[in-house]
Amino acid sequence: MGEDTDATPTLNHRGFLPDHNYVTEADIISTVEFNHTGELLATGDKGGRVVIFQREPESKTEPFSQGEYNVYSTFQSHEPEFDYLKSLEIEEKINKIRWLPQQNAAHFLLSTNDKTIKLWKVSERDKRPEGYNLKDEEGRIKDVSTVTSLQVPVLMPMDLMVEVSPRRVFANAHTYHVNSISVNSDYETYMSADDLRINLWHLDITDRSFNIVDIKPANMEDLTEVITAAEFHPHHCNLFVYSSSKGTLRLCDMREAALCDKHSKLFEEPEDPSARSFFSEIISSVSDVKFSHSGRYLLTRDYLTAKVWDLNMESKPLETYQVHDYLRSKLCSLYENDCIFDKFECAWNGSDSVIMTGAYNNFFRMFDRNTKRDVTLEASRESSKPRAVLKPRRVCAAGGKRRKDDISVDSLDFTKKILHTAWHPNENIIAIAATNNLYIFQDKLNSEMH
């Protein structure tokens, strides 16, 4: 599959960089998520912080300002904890953020670290009450004997203030590390998944959850696979899918049984015996699974490929895209430096026609499902001038013929990796987390990647 040299999104872009040049572990972005309208974008980092960006409204005087995202609110979601019973440190790192659909003026989002899920309310205040009868302007209680007349308190305008408050804390339900949360289409329930179990929660009930999947064997020595990701169907509240470290997908129907240990459908690609190697099991582990917006397809990412599955065909994927096939010859060194265990995420565009996923060297890949064209782009400080055009990049295998601007597979930087990406639900705007930097790209010129 050749590189699509026509696919050159324009960078209507803000690179959100920390004030200092060195990277601390706490600054590394660990999740990125647009809300349902795309007006807000949330990032979580390894320091337990959540930063919310808001899209600027279109300006008549500055036509290019639309699409730019500015910091809206920052808050500390999780703190480091210590489990004294198990002598275990619980990191503050935010593993996932999921927005709830907006139903009033406030926004709500769920954030989770390894153990505890929290529901946050994000609201605005631009008025304050004044003219109390029993309080003065400083809030002190007045002497009742001095009150000689009654007045009606009024709301006076004030500088806009964004308030973030915790509304629920869902704790003590996971023995293992939480890797996924997903809000159901009924907007009343959500699920959380760890390595061996999936729990169903009601958004209003914090002290109990229902275990809907449990793959823990009676003897842990018999453990052959773990749950790697889980997501609800976008339209049918009874359906959800979860992926495993064995490369399988299981579609479950909550109408069939309270405990969904027996799946409705199993999506699995038969292994080619001739291609089997020591690394086969590791690279076949599914690191992310996403339903398409239509609900008809599943997008999965393993170490080397992205695959699209049709819900009506379990035997093999509908489409397979090679993300960085040139790394096949490097698996041994990638195993030794632990890169082979990196968990890359994947994303659909709003019309389900293009998929996106990350790679090394701060590269990310887009595949057009209709034209079968693909493109490799780079998120870097060098290309972070607003409205700069991104040049497609090309990696050539070791010993292969190099063209101008090609980069050799031997010179890739494996410390720079795009693990977390998000696509605006309706428009051609993408968010890319590159270590501690957030890049936002908007396609203004090219209509091929739509």
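The second largest pocket is lined by 33 residues. Nearest its centre lie Glu-33, His-36, Glu-231, Phe-291 and His-293. A pocket here is an open set of points on a 1 Å grid over the protein atoms alone, with protein on both sides within 12 Å along at least five of seven lines; lining residues have an atom within 4 Å of a point. This is a predicted model: local features need pLDDT of at least 70, side-chain atom pairs count only at pLDDT 80 or more, and totals for chains, interfaces and linings use all residues. Residues are numbered from 1 along each chain as its sequence is written, and side-chain values use heavy atoms, without hydrogens and water.

The volume of this pocket is about 930 Å³. Its lining divides into 15 nonpolar, 11 polar and 7 charged residues. Several strands (DSSP runs of at least two residues) supply at least two lining residues each, including E3 (29–34), E17 (227–232) and E21 (288–291). E3 gives the most, with 4 residues.

The structure holds 2 cavities of 30 Å³ or more. In a cavity, a 1.4 Å probe fits but cannot get out. The second largest cavity has about 50 Å³ of space. Its lining includes His-36, Trp-99, Gln-102 and Phe-108. By class, that lining has 4 nonpolar, 5 polar and no charged residues.

Last, the surface. Tyr-335 lies in helix H2 (residues 331–336). Its relative accessible area is 32%, so Tyr-335 counts as partly exposed (between 20% and 50%, 1.4 Å probe, protein chains only). With Phe-278 and Phe-341, Tyr-335 forms a nonpolar surface patch of about 330 Å² accessible area together. Patch residues have over 30% relative accessible area and no salt bridge, with nonpolar side chains joined within 5 Å.

Key
Patches are made of residues with over 30% relative accessible area and no salt bridge: like charges are joined within 9 Å, nonpolar side chains (Val, Leu, Ile, Met, Phe, Trp, Tyr) within 5 Å. Accessible areas come from the Shrake-Rupley method with a 1.4 Å probe; for residues, only the protein chains shown count as cover. A salt bridge is a side-chain nitrogen of Lys or Arg within 4 Å of a carboxyl oxygen of Asp or Glu. Grid points are joined across faces, edges and corners, and a volume is the space filled by probe spheres set on the points. Ala, Val, Leu, Ile, Met, Phe, Trp, Tyr, Cys and Pro count as nonpolar, Asp, Glu, Lys and Arg as charged, and the others, Gly among them, as polar.
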